[in-house]
Amino acid sequence: MAFDSLSEKLQNVFKNLRSKGRLTEDDVKAALKEVKMALLEADVNFKVVKQFVKDVQERAIGQDVMNGLNPGQMVIKIVNEEMVKLMGSETTEIKLQPGKALTVIMMEGLQGAGKTTTAAKLAGKFKLKGKKVLLTACDIYRPGAIEQLQINGEKQGVEVFSMGDKIKPVNIAKAAIEHAAKNEFNIVILDTAGRLHIDDDMMAELQEIKENVTVHQTVLVVDAMTGQDAVNVAKMFDEKVGIDGVILTKLDGDTRGGAALSIRAVTGKPILYVGMGEKLSDLEQFYPDRMASRILGMGDVLTLIEKAQADIDEEQAKRIEQKMRKNEFDFEMYLESMSQMKKMGGLSSILGMMPGLGMGKGKMPEIDQEAAEKNMARTEAIIYSMTPEERRNPSLMNPSRKNRIAKGAGVDIAEVNRLVKQFEQMKKMMKQMPGMMKKGKRGMFKG
Ligand code: GDP
């Protein structure tokens, strides 16, 4: 199965994280070091790996852990999201001309990459969508290429246009497009010649076709099993001939996954389809999110994360409300409500939503957003330095505990005292205004 070894390695990294209650910066860094190794072994481009790890680390450290997830799962969530981003986030289609207008698609790639097979696979896909497709044999060099296209075209029930191996490819392309226009075809797919290695003749031939006929989409076919070579090939073709997208073949045999993860980042060009086998039906649309799940190989955790995402605001708001009603508001809740506040767009927007406090529109006091946020960060640091018991039961906090907390958070003990006092006041205030919590979707604690 594709990506087996990468999946296995990543799962091992995350297994250790998953069981932890709380992650420190060191935990995250150590885990990401292993992720980095795993990606490099999977033959992902070095620069891509470096940037990827940096992005994940920046996001993971200091991130609030979502309700319903443990910190390890939170790291998986971020890795997953960054992987999706790396592969382009969105699914990209081959762009067809509007209506019934003819679209010319040129396939290119090295010999053996799977160009001819993929051309036929693609023709089948378009046929299923009701398009009239003409496969065109422009590879006049590889022995058997024309016949192979004819056999595959027949299997797909798609017409194949060929002029043998004596006519120049550019002229075959011209004739095919004329034939297609006369006979109301919607799509022409040009199967061009590849070489074992990139060479000037091959590039010149492709350029000549592009200069002499209107090619709407240029699709590069690369073999996933060749890893970084596939990425380098993509870069070269894009520079010399220009490509609109890539089809990555033989992903069924690629246990490493480096090409799938690097191509978009290195070339800026999307992966359009992936080849998953030799059969003509084995061509799949490329979905960055599904591919990331496949690479991470953690369907269970990812489903959990999705669910947590959906439930989070609802559940968290309910829990905070219940605790407040019972006057059980504690520092854990304080932290949670702070993270909700951040999601709602900061302190000033929340104050603006609280007409009861006389801060409706017009009367809104100027709030130094930056200072308020810095304050919030210090408050968070203090709460994070408390033990879970202290957070749940603030009355535990005696001077020696407060001293320890102040040291842990790098603040003066007076600040800890102030926070505890503020907290008591807030608790009192909350008790007096339970109505505030019942404002439906725009209530204070709904994100
Ligand atoms: P071309 O030289 O680029 O036209 O390559 P071909 O289309 O002749 O393909 C080369 C070989 O790769 C053939 O044996 C194909 O069956 C095989 N092939 C192509 N695509 C895939 C794929 O997605 N998975 C697997 N396993 N084999 C493939």
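Two residues are in contact if their C-beta atoms, placed from the backbone, lie within 7 Å. The model on display is predicted: local features need pLDDT of at least 70, side-chain atom pairs count only at pLDDT 80 or more, and totals for chains, interfaces and linings use all residues. Residues are numbered from 1 along each chain as its sequence is written.

**Stop 1: valine 222**

Select valine 222, which lies in strand E5 (residues 217–223). Helices (H or I, at least four residues) and strands (E, at least two) are DSSP runs, numbered from the N terminus. Leaving aside residues up to four places away in sequence, valine 222 touches Gly109, Ala113, Ala230, Val233, Ala234, Val246, Leu248 and Ala259. Valine 222 is buried, with 29 other C-beta atoms within 10 Å. A residue counts as buried if 20 or more other C-beta atoms lie within 10 Å of its own, as exposed if 12 or fewer, and as partly exposed in between, with C-beta atoms placed from the backbone.

**Stop 2: helix H10**

Move to helix H10 (residues 258–267), where eight of the ten residues are buried, so this helix is largely enclosed by the rest of the structure. The buried residues of H10 are Gly258, Ala259, Ala260, Leu261, Ser262, Ile263, Arg264 and Thr267. Glycine 268 follows H10, and its phi is positive, near 75°.

**Stop 3: the ligand**

Select the ligand and the 18 residues that surround it; the closest are Gly114, Lys115, Thr116, Thr117 and Gly275. Here a residue counts if its C-beta atom, placed from the backbone, lies within 6 Å of the molecule. By class, the shell around the ligand has two nonpolar, eleven polar and five charged residues. Ala, Val, Leu, Ile, Met, Phe, Trp, Tyr, Cys and Pro count as nonpolar, Asp, Glu, Lys and Arg as charged, and the others, Gly among them, as polar. H5 supplies the largest share of this shell, three residues.

**Stop 4: helices H5 and H6**

Show helix H5 (residues 115–128) with helix H6 (residues 145–156): their axes come within 9 Å and cross at roughly 25°. Axes are lines fitted to C-alpha atoms, for helices over the stretch in contact, and angles run from 0 to 180 degrees between N-to-C directions. H5 and H6 are therefore roughly parallel to each other. Angles under 35 degrees count as roughly parallel, over 145 as roughly antiparallel, 65 to 115 as roughly perpendicular and the rest as oblique. On the H5 side, select Thr116, Thr117, Ala119, Ala120, Ala123, Gly124 and Lys127, which meet Ala145, Gln148, Leu149, Asn152, Gly153 and Gln156 in H6. This contact of H5 with H6 has five nonpolar, seven polar and one charged residues.

**Stop 5: helices H4 and H11**

The axes of helix H4 (residues 71–86) and helix H11 (residues 288–296) come within 8 Å and cross at roughly 135°. H4 and H11 are therefore oblique to each other. Select Ile76, Asn80, Met83 and Val84 of H4, together with Pro288, Asp289, Ala292, Ile295 and Leu296 of H11, to display the contact. Its residues divide into seven nonpolar, one polar and one charged.

**Stop 6: two loop residues**

Aspartate 43 sits in the loop between helix H2 (25–41) and helix H3 (46–60). Its phi is near 70°, a positive value in a residue other than glycine. Aspartate 43 is buried, with 21 other C-beta atoms within 10 Å.
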